[in-house]
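Hello,

Here is the structure I promised to pass on. Please open it before reading further; my notes come after it.

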Amino acid sequence: MRMRPTAQPAGQDPEGEQQAYELRAELDELLRASRYASQRERRLNEAIRASPGRQRPDGDLLRQLAQARTLREGLGARCLQLSDRLEALENRLRSRQPEPQPAQAPPPQDRPGRSDRPDIGALAERVAALHRAGAFAEATELLSRAATGLDPADAALLAGMLSRRGPTGASLHLARSAAQCAPEQAVAMLAELRELGLAEEATELFHAFWGYPASALPALLAALERAGQGADGATLLWEWGSAPTPELTALATGLRRTGRHADVRTLLRQAAGRPTAELAALATELPTELATVLLHELAALRPPVELVKLAAALESSPELYGRLLAALLADGARHRTTLAALRSTGLPTEPAAAPRSRWGRR
């Protein structure tokens, strides 16, 4: 008589327990490797930041940094896969349920934390190959797509490789094209370029910011401010201080509408150096509140002879003349010379009396 095999006690699953043990061991190994990759990435970043002169980082360091980032993200995705598999297996073992039909783990690209970053080195080689083949338009289009489609850190790495290997001008075009991104991404790219010591590429991107329309500049200034790049914002406002009157008016109005009042004052202070005729036209174009800010800045910055010329140019606009006069009278001791010059030329030095109602007391 054949003996029947002894049944396993309920809830025991030696094969499942062994599988869980192996998964834990593999996960431990991957976590250690991931920590090592993170440390290596950090050390490479530090080595690049310490490059002499920080004009051009070593190409080999950039290549190693790209590899370290790819490895770290790939390990992270694999750790997540194993962790999910281990959790599902342990839950099944705890519930003492029969083992279900094994399911294939979803592919990495369908899971959060995926590692689908492109091969930056291969992308740089493709750009170079297109140039060698004379396909310059295709290479330019590829660079433009990379600037807007890559993560800022990856785009900066690509710029670094192109700056070392060529083709000539490719890294500058890539940097310049990043200005087409949303302000947050463009500013992040600027910070990454500077972090890698790519000064020429960072300057190219920053100069591209000068081409932003007035309507887009408040968002760019806000992004620079959040990124701790306030000095860049001040430089942009300095450049915009010499913009044509319609563009300057549009920017000042947009800044006020978005609550960036300090930027309004900075912008109008930069504009205060224009010729008198332009300042009179600008004051006429600006909304009343902004015209008042401009006139107060002018009263504080311009010499008496220029203020007299400005007053004469505004005499035909009683409201603006009155606002300039109010700015001068607010500090009469300081503007004594200007007020005396106004009197000598026959211009008013007292606020105009408010008109009396015809029904007022006689």
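This is a predicted model: local features need pLDDT of at least 70, side-chain atom pairs count only at pLDDT 80 or more; totals for chains, interfaces and linings use all residues.

The whole chain. The secondary structure comes to 17 helices and zero strands. The chain has 362 residues, and 41% of them count as buried. Its accessible surface is about 20300 Å². Carbon and sulfur atoms hold 53% of that surface. Take the contacts in the chain with a separation of 6 or more: 69% of them join residues 24 or more positions apart.

Helix 12. This helix covers residues 261-271. Which of its residues are buried? They are Asp-263, Val-264, Leu-267, Leu-268 and Ala-271. Seen down the axis of helix 12, these buried residues fall within an arc of 130°, so they line one face of the helix. The general rule is that an α-helix has 3.6 residues a turn, so residues three or four places apart point the same way. What does the buried set of helix 12 pack against? The partners are helix 9 (217-226), helix 10 (230-240), helix 11 (245-257), helix 13 (276-285) and helix 14 (288-301).

Ser-177. This residue sits in helix 6, which spans residues 170-177. Is Ser-177 buried or exposed? Ser-177 counts as buried because its relative accessibility is 3%, and the cut-off for buried is under 20%. Leaving aside residues up to four places away in sequence, Ser-177 touches Ser-144, Ala-147 and Thr-148.

Best wishes

Definitions and conventions:
Residues are numbered from 1 along each chain as its sequence is written. Side-chain values use heavy atoms; hydrogens and water are left out. Buried means under 20% relative accessible area, exposed over 50%, partly exposed in between (1.4 Å probe, protein chains only). Helices (H or I, at least four residues) and strands (E, at least two) are DSSP runs, numbered from the N terminus. The arc is that of the directions from the helix axis to the C-beta atoms. Contact means heavy atoms within 4.5 Å. Accessible areas come from the Shrake-Rupley method with a 1.4 Å probe; for residues, only the protein chains shown count as cover.
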